Amino acid sequence: MPWQLTESNVLHLWESGLAGPSAARSLRLASMAAPSPRSVADLPLSALNSLLLELRRHAFGPALPCTADCPGCGESLDVTVASDELLPAGGGTAVAATATVVSYGRTVTYRALTGRDVRAVDPASPRARQALLRRSVLSVDPPTDELPDEVLEDVARHLADLDPGADSVLTLVCPQCEHRWDAALDLAEHLWTDVCGYAHRLLHDVHALARAFGWTEADVLAISPARRRFYLEASTG
Ligand SMILES: [Zn+2]
């Protein structure tokens, strides 16, 4: 892990992630865990997820607390998932694999989706899903400019086999009504929530100590968390 877990690094990470769309933030977070500084945008989504899980484990530990609402009865569930359970089999490949499918009389060659693909598509656009799937298509025989939606959906079904770790899915069972369902887990958003929580707690401490003693942010961050805790208690006691 080239990225070091320090308070000021987490604050930088938080600050740099505040601007821009979530797909760009996801890439920025994944690049923190990448072994080389080269762009992670062209890695398949499973490899990006591996990097996000590695960063999550490194910064906040291996247990991911999650909440979900049961679609059957509405009960709110708290579950804790081990990050190992979410790691794609094989850890995710470095190169987006390609494959071919025959769909509605057309031979379609496609590749696994990457972070660059996700970033390129506006999630708010009405045909975001089709636009994303279209990016995975490398060639069509016989050639066509407009691929029917049913062909794209065929490709979507096969994409899951090509890059099995692209989506993090939890199978949940409701203790109230025993309903069983698959819930998608957005690793980047989960990690981002942790980064925000950490940064907010730290900045609240800075604020309280600056107010109490007139210290600067640098003054507060320069002292150890244990001493900081002491001064915080002293300032309110
Ligand atoms: Zn339920």
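A residue counts as buried when its relative accessible area is under 20%, as exposed when that area is over 50%, and as partly exposed in between. This definition applies throughout the following tour of a predicted model.

**First selection: the zinc ion**

Select the zinc ion together with C70, C73, C174 and C177; the SG atoms of these cysteines are its protein donors, lying 2.3 to 2.4 Å from the ion. Along the chain, the donors follow the spacing C-x2-C-x100-C-x2-C. The angles that the four donor atoms subtend around the zinc ion run from 105 to 113 degrees, which makes the arrangement tetrahedral. For reference, the ideal angle for four tetrahedral donors is 109.5 degrees.

Now display the surface over C70 and C73. C70 has a relative accessible area of 3% and is therefore buried, the cut-off being under 20%. C73, by contrast, is partly exposed, with a relative accessible area of 41%.

The next stops concern salt bridges, of which the structure holds 11. Side chains of opposite charge can pair when their charged atoms come close.

Select R25 and E189, whose side chains meet in a salt bridge with an N to O distance of 3.0 Å. R25 belongs to helix 2 (residues 22-33) and E189 to helix 8 (residues 187-213), so this pair ties together parts that are 164 residues apart in sequence. The relative accessibility of R25 is 12%, which places the residue among the buried ones, whereas E189 is partly exposed at 28%.

Move to D42 and R116, which form a salt bridge whose closest N and O atoms are 2.7 Å apart. Here D42 sits in the loop between helix 2 and helix 3 (45-60), while R116 is found in helix 5 (residues 115-120); the pair links distant parts of the chain, 74 residues apart. Both partners are partly exposed: D42 has a relative accessible area of 43%, and R116 has a relative accessibility of 33%.

Which side chain meets that of D117 in a salt bridge at 2.9 Å, N to O? The partner is R135. D117 lies in helix 5 and R135 in helix 6 (residues 128-136), so the contact ties together parts that are 18 residues apart in sequence. D117 is buried, at 1% relative accessibility, while R135 is partly exposed at 33%.

Technical notes:
Residues are numbered from 1 along each chain as its sequence is written. This is a predicted model: local features need pLDDT of at least 70, side-chain atom pairs count only at pLDDT 80 or more; totals for chains, interfaces and linings use all residues. Side-chain values use heavy atoms; hydrogens and water are left out. A salt bridge is a side-chain nitrogen of Lys or Arg within 4 Å of a carboxyl oxygen of Asp or Glu. Helices (H or I, at least four residues) and strands (E, at least two) are DSSP runs, numbered from the N terminus. Buried means under 20% relative accessible area, exposed over 50%, partly exposed in between (1.4 Å probe, protein chains only). Donors are N, O and S atoms within 2.8 Å of the metal (3.2 Å for Na, K and Ca); water is not among the atoms, so sites may look incomplete. Four donors count as tetrahedral if all angles lie between 85 and 135 degrees; four count as square planar and six as octahedral if opposite donors are over 155 degrees apart and all others between 65 and 115; anything else is irregular.
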